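Please keep the sequence and the model in view while reading.

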Amino acid sequence: MRWTGHLRSRTGAAALALAAAAGGISLTAPAPAAAAGGLTGLVNPFIGTQNEGNTFPGAAVPFGMVQLSPDTGHSTGYDYKHDRIRGFSTVHLSGVGCRIGGDLPVLPTTGDVQQTDNARYAAQFSHRDETARPGYYRVRLSSYGGITAELTAGRRTGHQRYTFPATGKANVLLNTGQSLHRTVSTTVEVLDSRTVRSAITGRGFCQDTRPYTVYTITRFDRPFTAFGTWNGDQVSEGTRKSVSAGRNGAWVRFDTTRDRTVEATTAVSYVDAAGAAGNLRAEDDGDDGFDRTARAARDAWERRLGAVRVQGGPEALRRTFYSSLYRAFLAPNTGSDADGRYTGWDQRVHRARGFTYYQNWSLWDTYRTQAQLLALLAPEESRDMALSVLRVEADGGWLPKWGYGTVETNIMTGDPVTPFLTNAYQHGLLKGHEEEAYRALKRNADGVPAKDSPYVGRNGNDRYLKDGYVPCTPSRPKDKPGDSDLHQGGSATLEYALADGMLAKMARSLGHRADAERYAARSRNYRNVFDPQTGFFRARGADGAFTGPADPAKSICFHEGTAWQYQWLVPQDLPGMVDLIGGKARANTRLDSFFAYDRLVRDPARTAREVWVHGPYDYYNADKYNPQNEPDLIAPYTYLSTGQPWKTTDVVHAALTLFTDGPTGMTGNDDLGTMSAWMVLSAIGVFPVQPGADVWGLSTPVFDRVDVDLGGGRFTVTAPGTSDRDRYVQSVRLDGERYGRTYVTSRQITDGGRLDFTVGDAPSEWGTQAAAVAPAIG
């Protein structure tokens, strides 16, 4: 394919076949419904549903509260390899690595209701009878005489349409007791002849968390002919309410001998039952509800996807690109009800005034790519997202690390909220709230949450502020759920230093000069975990001595990675890091080894799949680039600072071969759009090389032209003739003027400029001068 770097002898169909043989493309993968048309017709929601991409194929609107999607028995919902659906549930997160959501799986059946375990009453299906596009999903269930299920979604509602065979016993099972996460307790009530209400309290994400409750109300388009509930294995008819800490649910029955179609709308709230009912009323579309909602969802996605228009490139690349763009818009998710109420992290009800409250914060992942993409393409929503993070601090007492719904999970390491919010500041999204944000960030950067607080924050700060590094302890503290920075002291030190650098830039801009100098000095704390004997980062123990194996490929105390992968995570001072290694020549030698560059030049796609990638969760004991995980996503752009920018293009284009348009076409977990955003930005040719600041590195685009709608203007990137052969930058013009730097600023993008690349078949002198390199922060 044109965009795969050195695959000169394996273009077109041959490259597709090679990728398929390597596990990258399913040649029998379902395509989006042809009737979709437009840009939504280029999106394949099945991408990432196999090989632990952990995406979902069901219906959602951009940033919606509801993601109505089938669950097949996989821990996070849907697995393309499975052939039985347990239910269509209301809440999913795209690409998470641990079980969460899956609340209220609903399944149509026929006959007597005898089984209450959804693994037993699950329905058979085939991918031949399944299709999906943004905002719509359809499948024919071969069990129960053949039932067709269709799904669509509004912002806070999920809409279902079931077409049954002719029968007097057409059932819909509403299972409150079997979510993907651990269920603490559930209540289900049949309110009247058309309405079922539930409250589902659950907990857990990777590890245990505080409990949270999801409230639902489901309204059918016609009365039931019979109904009942179940508790455990006991099924009852005519009972209206069931409360249980175990398997629990309700069933309703219809006569479909004449009218075979049953429609239902489920509304969700994280506040209370009244909130769910209000959300249902707010999105009630009347008799034409399902079709009208499906059209509205499609239109919403056309508008979102239309923010980026590409020209050139093969169709498979365009499908992969727009599918990635689609996933980047799935989260964070609306958390406030139609009346503005939301449940804060103090577990009290608050009201969002003048903004939409959002939730679900995979910040360790999204601060690196997705936050920057959304700041460009969805600035209004990004503003509300930043304000929502500030409300987390105001309501709950501390800034979040990894938040799900109404609770903190404390998953992952470091201080990701700082670059997330400083990125919002650099894009002007915090106007009127700059000092509020700065106070919250300063408190987080300089302190540790109280012991009775459920948040861990920077729980390694005591030693970090005293000694300049986070020590690595051999066991996880058990006083709070989630991860501890003290267990991952090596990577925590690097993440803290990165955050300090970004905060220093914000402090300086706001006039807090003393703070700026202090944070800038702390941003160089990465040097305190550099072992001159090995020439790599290495964790230190509580006694200050370097700990763990000296071999950087076998290092300990680096979260989901090794010292090889974390060595490039110094975007706040990459020139200083290069000097620490021994200069540009030695850095380039190490980079070449890290990327297996000699092999990559000969066969980029095979190198990516056989040398870089070993397994979806194979994070450790490696000395090579891992494009499936976050710690070294920025690494390919390091060559921009070492005088060899053409190698950035080689590595980026090789990594892009891992993104394909079949079920296995996601590299690693998508992590709420992180990997998808990496693909989108790298394909365009601009990437946030200082996450949390305002610097974007440049590499050769894979499209002839990209037009980015910024709301108030347009940013255009051109690279006429870009291809596998002609992939090297010869020159760049910014707004018509020759441009020799390897980076642009956020302002140069958002002012609506034009970036024109001239490409050729061999590296040039462009970007090789010292003045071309982005400066360090501080």
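Helix α9 (residues 417-426) packs against helix α12 (residues 489-510) at an angle of about 30°, with the axes 9 Å apart. The model is predicted, so local features need pLDDT of at least 70 and side-chain atom pairs pLDDT 80 or more, while totals for chains, interfaces and linings use all residues. Residues are numbered from 1 along each chain as its sequence is written, and side-chain values use heavy atoms, leaving out hydrogens and water.

**α9 and α12**
- The helices α9 and α12 are therefore roughly parallel to each other (an angle under 35 degrees).
- Thr418, Pro419, Thr422, Tyr425 and Gln426 of α9 are in contact (heavy atoms within 4.5 Å) with residues of α12 including Leu498, Ala499, Met502 and Leu503.
- The residues of this contact between α9 and α12 comprise eight nonpolar, four polar and one charged.

**α19 and α20**
- Helix α19 (residues 645-656) and helix α20 (residues 674-684) have axes that come within 10 Å and cross at roughly 135°.
- Val652, Ala655 and Leu656 of α19 make the contact with Trp678, Met679, Ser682 and Ala683 of α20.

**Asp384**
- Asp384 lies in helix α8 (residues 379-396) and counts as buried because its relative accessibility is 12% (buried means under 20%, with a 1.4 Å probe and protein chains only).
- Leaving aside neighbours within four places in sequence, Asp384 is in contact with Phe355, Thr356 and Tyr358.

Notes
Axes fitted to C-alpha atoms, helices over the stretch in contact; angles between N-to-C directions. Helix = DSSP H or I, 4+ residues; strand = E, 2+ residues; numbered from the N terminus. Parallel < 35°, antiparallel > 145°, perpendicular 65-115°, else oblique. Nonpolar A, V, L, I, M, F, W, Y, C, P; charged D, E, K, R; others polar. Buried < 20%, exposed > 50% of the residue type's maximum accessible area, 1.4 Å probe, protein only.
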